[in-house]
Amino acid sequence: MNKEFIINDGCLEKYIGEGGDVIIPDEVEEIAPNAFERCVNLVSVSIPNNVYRIGEYAFAECANLVSVKLPYNIDEISSGLFFGCTKLQNVNVPYGVKLIADHAFSWCQSLTHIDLPDSVRSIGVCAFNTCTKLETIHLYDWITHIGEQAFAYCNSLKSVTVPGGFTFVDANAFAFCNNLESVTVPQGAVSLEFGAFAGCRKLKNVTVDESVDLGGERIFQGCPCLADETGFVIVNNVLYEYLGKNIVVSIPDGVTRISEGAFDGCEQLNELHIPNSVSCIGENAFDGRCSLTIFASVDSFAKEYAERNGIDFIFE
């Protein structure tokens, strides 16, 4: 009998050993939730291939865990499985895994690379959040959902190509990736939601296919390197932010939507000229502290917006 493990009917319920390099016995078919949680002396784990399920947070906050060999029979990386494993460097995701669940690799701050198989269909909320050393991630077109904050604060990522297979990118999915420079969103991707790339301060190259729905607000807000020479951050005719300091501002003709918060912090803004091409203005688009007058044509959406929000309007 192995005194390091509490095993009942093939389920490893708890690890009570001293850590180091651990080989799980072949009799184990399932690992219970939290079975190894906070085993601070655990360095590596080898799991036999007959294991078909690993419970939530099974290895969470194992502060010195460096390497894990996962079995081939699992179909998901469960919620919080490696949450807070700050020294984790080597882990395989077997073919057949369909779901990377919520917080699965959150705060794995030593993880530089991970190969996701093309069986993966969904990446959960905060799945790789704050993996600060993650340099590359290949996302196959079969992925249909990237969850909220899934890759937020991944400060070593430099480029991202969103999958083109009917993919929905949820709120703040890649937000605050401080070294992200390039984003490609191809035909086939469905939509980018609120703040998907917000706060990516080095982002300078963005290619988004015209078919992609940019209905989410603040998608590219806080991305100063995307600003043109006049201070506008415009992607596919959506104005996400104005970074200039002018008192009088004219929005370029062709802009169709002004995003929520586009003029945050523009206290000095006094006079705004809006073209007829604008047909949508997000909530709180303008800083409430500015004394604003909107100039636009008498039959424009801008006039309707000004009247509805109590903003002074002059037609031109």
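Is Asp102 buried, partly exposed or exposed? Asp102 is partly exposed, because its relative accessible area is 33%, where buried means under 20%, exposed over 50% and partly exposed in between (1.4 Å probe, protein chains only). This is a predicted model, in which local features need pLDDT of at least 70, side-chain atom pairs count only at pLDDT 80 or more, and totals for chains, interfaces and linings use all residues. Residues are numbered from 1 along each chain as its sequence is written, and side-chain values use heavy atoms, with hydrogens and water left out.

**Charge patch**
- Asp102 belongs to a surface patch of negative charge together with Glu56, Asp75 and Glu76; patches join like charges within 9 Å, from residues with over 30% relative accessible area and no salt bridge.
- A salt bridge is a side-chain nitrogen of Lys or Arg within 4 Å of a carboxyl oxygen of Asp or Glu.
- Asp102 sits in the loop between strand E10 (99-100) and strand E11 (122-123); strands are DSSP runs of at least two residues.

**Positive phi**
- Most residues other than glycine have a negative phi.
- His103, in the loop between E10 and E11, is not a glycine but has a positive phi of about 60 degrees.
- Glu61 also is not a glycine, and its phi is positive at about 55 degrees; Glu61 lies in the loop between strand E6 (53-54) and strand E7 (67-69).

**Sheet**
- Four strands form an open sheet of mixed pairing in the order E18-E19-E21-E23; two strands pair if DSSP finds at least two bridges between them.
- Strand E18 (232-235) and strand E23 (280-281) are the edge strands, each pairing on one side only.
- Strand E19 (residues 238-242) runs parallel to strand E21 (residues 257-258), joined by two bridges.
- Leu239 is opposite Ile258 in E21.

Key: Patches are made of residues with over 30% relative accessible area and no salt bridge: like charges are joined within 9 Å, nonpolar side chains (Val, Leu, Ile, Met, Phe, Trp, Tyr) within 5 Å. Accessible areas come from the Shrake-Rupley method with a 1.4 Å probe; for residues, only the protein chains shown count as cover. Lys and Arg count as positive and Asp and Glu as negative; His and the chain ends are not counted. The place of a charge is taken as NZ of Lys, CZ of Arg, CG of Asp or CD of Glu.
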